[in-house]
Amino acid sequence: MNATGVALALFIGMLLPLQALINASLGKQTFGPVFASLASFMVGTGVLLAWWLLTRPVFVPAALAKVPWWAWMGGVIGAVFVASATLLVPRLGAASLICLVVAGQLVGSVALDHYGVLHTRQPVDALRIVGLLLVVAGAVLVVKPWQASGG
């Protein structure tokens with residue numbers, strides 16, 4: 001496993017709760033969480049457009065016609081994630097939100113890997129199940145659903 005890739009993934013993971021908190025703050029200071037999410041995507045789109053243009057891409061519009069409809073759904077999923085995180089972080093807290101998101105990502109990832117959805121199949125095994133259960137247990141311990149909110 002590439003140490004640089006692992007470090008980058010951990011760093012990005014550390015930024016996600018900050019993004020949710022920044023967006024929630026923007027929403028409180030402006031027109032709400034959906035507007036803050038829209039602003040986040042607009043700024044992000046500008047950054048990605050500049051990055052893409054700086055890499056001197058070859059753009060062939062005809063290639064877009066070959067892309068299946070479902071390949072565009074990543075943007076929908078991203079928008080739902082950012083808007084939901086912006087809405088939920090003030091209610092759940094950053095740690096609870098991210099723990100629940102990570103647990104959900106792992107459950108979904110194990111299922112997608114097992115069935116080979118959009119990539120080579122990687123069947124589930126006992127160690128993955130144990131790891132999955134440990135992450136879910138960790139999320140439950142952080143979220144503490146048995147306690148009243150605010151405690």
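Reply: Gladly! Let's begin with aromatic pairs: rings of Phe, Tyr and Trp (its six-membered ring) pair if their centres lie within 6.5 Å, and planes over 60 degrees apart count as edge-to-face. By this rule the count in this predicted model comes to two aromatic pairs.

Me: Why is the pair of Phe 31 and Phe 35 called edge-to-face?

Reply: The ring centres of Phe 31 and Phe 35 are 5.1 Å apart and the planes stand at 90°, so the pair is edge-to-face; the cut-offs are within 6.5 Å for the centres and over 60 degrees for the planes.

Me: What makes Trp 52 and Phe 59 an aromatic pair that is edge-to-face?

Reply: For Trp 52 and Phe 59 the distance is 6.0 Å centre to centre, with 85° between the planes.

Me: Thanks! Turning to the helices, why is H4 called oblique to H5?

Reply: The axes of H4 (residues 73–92) and H5 (residues 94–115) come within 7 Å and cross at roughly 135°. Over 145 degrees would count as roughly antiparallel, and 65 to 115 as roughly perpendicular, so the rest, this angle included, is oblique. That makes H4 oblique to H5. H4 also passes H5 in a right-handed crossing.

Me: Which residues make the contact between H4 and H5?

Reply: On H4 they are Phe 81, Ala 85, Leu 88, Val 89 and Leu 92, and on H5 they are Ala 94, Ser 96, Leu 97, Leu 100 and Val 101. By class, this contact has nine nonpolar residues, one polar and no charged ones.

Me: What makes Ser 96 buried?

Reply: Buried means under 20% relative accessible area, and Ser 96, at 10%, is buried. Ser 96 sits in helix H5 and touches Val 142 and Val 143, leaving aside residues up to four places away in sequence.

Me: And how much of the protein chain counts as buried?

Reply: Of its 151 residues, 15% count as buried. The protein chain has six helices and zero strands, and its C-alpha trace spans about 55 × 45 × 30 Å along the principal axes.

Notes: Residues numbered from 1 in each chain as written. Predicted model: local features only at pLDDT ≥ 70, side-chain atom pairs only at ≥ 80, totals over all residues. Heavy atoms only, no water. Axes fitted to C-alpha atoms, helices over the stretch in contact; angles between N-to-C directions. Helix = DSSP H or I, 4+ residues; strand = E, 2+ residues; numbered from the N terminus. Parallel < 35°, antiparallel > 145°, perpendicular 65-115°, else oblique. Left-handed = near helix turned anticlockwise from the far one by under 90°. Contact = heavy atoms within 4.5 Å. Nonpolar A, V, L, I, M, F, W, Y, C, P; charged D, E, K, R; others polar. Phe/Tyr/Trp six-rings, centres within 6.5 Å; stacked < 30°, edge-to-face > 60°. Buried < 20%, exposed > 50% of the residue type's maximum accessible area, 1.4 Å probe, protein only.
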